[in-house]
Amino acid sequence: MKRLIFGLLLAAPLVFGCADSTSHSRAVVLLIDTSGTYTGEIQKAQAIANYLLATLQPGDSLAIARIDTGSFSEKDIIQKITFDGRPSASSQQKRAFKEKLDNFVKTVKPSGYTDITGGMIQAVDYLTETGAGKRTIFVFSDMEEELAKGYVRDFPLEMNGCEVVALNVPNLRKDIMDPRKYKNRLQEWEKRVVDGGGEFRVVNDLDRLERLLGS
Amino acid sequence: MNTLSLLPGPPALMVPLLLVLLVVLLYVGRRQAHNAVRAASRAIADALRLASRSILQAEERVQQRNREVLLASGAEAAEQELEREFQRVEAAVQRDLQNYPALHRNMADMVLKLDEDYQKSADAPPTPPEWIQAVTAISELPKVDDSLKASILQEIKRAVETQHTQAMDEYRKQSQERHSLLQKMMPHWRKLRRNLTSVDKQITNLTTRAQAIDKQITEYEAMRSAPEQAVARLTSSSLTQFVIAGLVMVIAVGGAMINFNLIALPMSEMVGGGSYIGSFKTSDVAALVIILVEIAMGLFLMEALRITRLFPLIAGLDDRQRIRLAWVAFSILFLLAGVESALAFMRDQIAADLAALRQTLAGAEAVTDGGASLIPMVGQMVLGFILPFALTFIAIPLESFVQSGRTLLGLLLTSVLRAVAVIFRISGYVALQLGKFINGVYDLLIFPLLWVEEKVHNRPVTVPAAEEVKPEEVVPKGKGAKA
């Protein structure tokens with residue numbers, strides 16, 4: 001009996017000491033640009049959201065928010081959810097989520113300005129709250145920020161280890177005239193994100209999204 | 001800074017001078033240097049040889065131990081086989097010969113009955129005709145009329161014919177009765193023959209068992225009398241067992257993996273799909289634990305049924321406790337099989353729900369199929385119920401694997417030890433030869449001085465004439481010295 005107790009005492013640190021404290025869940029925020037120039041692309045954003053819903057596992061978190069004139073606002077979050085651990089409940093939540101998203105796509109109105117920075121700050125806050133191990137922000141936008149008068153966004157970002165993926169970044173008319181503007185725009189965003197402690201990448205071929213989420 | 005610059009004179013002259021000085025120094029210290037190198041190489045060689053010898057001794061001990069274990073396991077297996085043969089004989093005797101008294105009585109009754117019938121069926125010839133004496137008496141009458149004699153004889157003839165007819169009828173009747181008795185005896189004979197055939201089979205069976213026991217005992221004796229042959233045979237048998245058991249274990253692991261995949265998804269419905277233990281999903285760990293518990297229960301069941309002998313404690317339990325343990329293990333296994341079956345059902349439901357969700361998200365209409373999906377669902381449920389019981393039998397190859405693995409491990413260990421000993425022995429020899437080589441190189445560096453030394457030693461000794469020794473003054477050595 002003494003031997004058994006001794007063995008259990010020896011085994012206890014092995015069992016409890018090796019517990020992995022890192023979170024294995026994933027949290028994703030999809031920022032959808034609803035500015036005038038980009039509203040036509042919203043169907044693609046809907047397809048991406050559906051793909052995310054199909055890919056994310058029970059226990060993961062997903063939020064979808066729009067980028068409009070002032071994106072640093074709770075009301076711009078269309079829907080946010082942390083999926084239940086049970087697969088059946090999680091499926092029900094995903095169905096309800098899809099319905100709300102469909103309604104949003106039907107009723108969306110173009111905004112006058114594009115506050116990408118505000119949306120990112122909002123997204124980082126949400127992702128930090130979830131405590132997920134892997135945090136990703138998908139930005140479905142042309143990455144051309146246009147701020148209304150009085151909005152201040154020229155300060156460093158705090159990304160807290162979030163990965164930013166710019167999806168489907170099209171060439172604007174001015175980019176066609178001078179391609180350097182396109183490059184400069186993306187490099188500027190990359191610098192802001194990396195300086196803030198995050199990672200940045202651009203995915204224009206949406207087929208690569210599968211590989212991105214699978215990693 | 002160059003060292004040569006410290007010395008006086010031009011460097012071109014100093015280098016050869018230094019080399020000569022070095023050679024002289026090496027020559028002066030030659031004996032000590034040789035001794036040092038020889039001692040070092042000898043020390044290394046001795047140390048390596050000692051290590052090699054120790055390892056060889058350890059290898060011998062391991063080999064001896066392997067031999068003992070192998071013989072012990074072989075003897076145990078032979079004893080078990082003998083024990084089982086005796087149990088079979090006991091069972092055969094109990095089954096077949098416990099009815100022998102009844103059978104004997106039955107056969108005795110039958111023989112008695114047959115004997116009685118046989119007695120009854122004995123042929124009774126008709127009694128000899130008494131009228132012959134009457135005819136003889138009449139014919140010997142001296143003075144009787146021939147016609148009277150003829151008349152009497154006629155009467156006698158008639159009477160005799162009548163009596164003959166009656167006697168023949170009676171005889172035929174009796175013969176018929178005897179024949180009917182003999183016909184009635186036929187089934188008794190057949191029954192008797194059947195009984196005798198059955199007894200013959202039982203005796204033959206016992207003889208076969210006895211021959212098997214004889215063979216086992218002969219092998220057992222051979223194992224005792226010629227252990228080397230037995231060890232070689234048992235080693236070969238162990239290796240074969242290891243391969244076969246390993247193959248079956250691989251198959252069992254495949255079964256366990258299928259079982260795992262069957263219950264891992266529905267377990268996430270019970271324990272949550274987002275929680276982790278370490279870097280593993282809790283649902284996966286839970287599914288694995290269920291499978292391991294099933295395997296453990298299977299091991300206990302097999303052990304309690306005395307099919308395997310992995311746990312001496314269970315084998316040592318008294319029969320009542322052992323049977324109780326077997327029932328407990330079987331009950332838990334049955335419950336777990338039921339749980340698995342239910343989980344397999346749940347898995348089908350979850351998988352169908354996920355497929356429908358994916359279709360919805362992809363923009364297609366969710367398709368609901370009716371009765372066609374029943375077949376895979378029932379198949380999964382049956383599989384979920386059967387696999388735990390199938391995994392129970394993993395205990396048998398596991399026992400063989402463990403036992404033969406011990407032999408294989410011992411063989412590997414002896415091979416490794418032998419190889420290390422050989423390497424040490426070779427290294428020792430190399431160290432010794434290396435010492436000689438270093439001394440040779442040392443001598444090569446100072447060979448001019450050695451050459452001079454050799455010349456000096458080999459020059460002819462010139463003795464002055466005045467100091468020449470006379471032959472008669474030479475003191476003889478050896479045996480003749482005393483004389």
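Two strands are said to pair if DSSP finds at least two bridges between them. Helices (H or I, at least four residues) and strands (E, at least two) are DSSP runs, numbered from the N terminus. This report concerns a predicted model, in which local features need pLDDT of at least 70, side-chain atom pairs count only at pLDDT 80 or more, and totals for chains, interfaces and linings use all residues. Residues are numbered from 1 along each chain as its sequence is written.

**The sheet of chain A**

Strands β1 (residues 26-33) and β4 (residues 134-140) of chain A pair in the parallel sense over seven bridges. Within this pairing, A:V28 has A:T136 of β4(A) as its bridge partner. Both strands belong to an open sheet of six strands in chain A, with the order β3-β2-β1-β4-β5-β6 and mixed pairing. At its edges, β3 (77-82) and β6 (199-203) of chain A each pair on one side only.

Contact (heavy atoms within 4.5 Å) is defined by distance. The table gives the residues that each chain contributes.

| Chain | Residues in the contact |
|---|---|
| Chain B | 17 residues |
| Chain A | 17 residues |

There is one salt bridge between chain B and chain A; the term denotes a side-chain nitrogen of Lys or Arg within 4 Å of a carboxyl oxygen of Asp or Glu. The side chains of B:D353 and A:R95 form this link (3.0 Å, N to O). On the side of chain B that touches chain A, α6 (227-271) and α9 (319-361) of chain B are the elements that give two or more residues. Of the elements there, α9(B) gives the most, with eight residues.

Key. Chains lettered and ligands numbered in written order. Heavy atoms only, no water.
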